[in-house]
Amino acid sequence: MAFSSHAQNASVSTNIIGYADFLTINAEGSYGFARHWTANAGFQFNPWSFKGDWGEARNDRRTVYAGARYWLWNIYSGWWFGGKLQWEEYNRGGFRAPETEEGDAYGAGAAAGYSLMLHRNINLDFGLGLWGGYKKYTVYRCPTCGKIEEQGEKGFIMPNDFQLSLVFTF
């Protein structure tokens, strides 16, 4: 009698925390190409703005990224460290003041986390990361008036990848 073993070589996931961030739609796919390595690519999309007594608040974005993760034990199991390249078109503001900032940002990021296996094909990923790079931006006085307060280009480094992701492996 012959038995065969099938390892999970690919996954699709969504970051639950992303939905708490103004309903940001997100997904990531990854593929294992070695015992300790996976390549991943994903996107985030948020077209929503919210109006209330405070005015209008938004965290619009279109983000795409690609990268790789190194897994200490096996892919999709335990601790991992990763890097990525990322581009984002954004428009955010109106939270504490009426100013909004829009622009393009691109750069590289690094993250680390842990993948908890809940079932043969379902994992829960926890992770944190930073990304930095360069952005071209314009700051407006209010979301709809179009009066420019500031514009320019500059470097940045900021938190990124607050992850609590539901992962399906296959």
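View 1. The model shown here is predicted. Lining residues of this pocket include Glu88, Tyr90, Arg92 and Gly93. Trp131, Lys135, Phe156 and Met158 are also among them. By class, five lining residues are nonpolar, two are polar and five are charged.

**View 2. Four strands each supply at least two residues to the lining of the second largest pocket.** They are strand 6 (78–93), strand 7 (100–119), strand 8 (122–140) and strand 9. Strand 6 provides the largest share, with four residues.

**View 3. The largest pocket has a volume of about 660 Å³.** Its lining is made of 38 residues. Which of them lie nearest the centre of the pocket? They are Gln44, Arg61, Asn160, Asp161 and Phe162. The lining splits into 14 nonpolar, 15 polar and nine charged residues.

**View 4. Strand 9 spans residues 148–169 and gives the most to the lining of the largest pocket.** Its contribution is seven residues. Strand 9 also supplies at least two residues to the lining of the second largest pocket.

**View 5. Ser165 is found in strand 9.** Is Ser165 buried or exposed? Ser165 counts as buried because its relative accessibility is 6%, and buried means under 20%. Leaving out residues up to four places away in sequence, Ser165 touches Thr14, Asn15 and Ile16, along with Asn123, Leu124 and Asp125.

Conventions
Residues numbered from 1 in each chain as written. Predicted model: local features only at pLDDT ≥ 70, side-chain atom pairs only at ≥ 80, totals over all residues. Heavy atoms only, no water. 1 Å grid on protein atoms, 1.4 Å probe; cavity = no way out; pocket = protein on both sides within 12 Å on 5 of 7 lines; lining within 4 Å. Points joined across faces, edges and corners; volume = space filled by probe spheres on them. Nonpolar A, V, L, I, M, F, W, Y, C, P; charged D, E, K, R; others polar. Buried < 20%, exposed > 50% of the residue type's maximum accessible area, 1.4 Å probe, protein only. Contact = heavy atoms within 4.5 Å.
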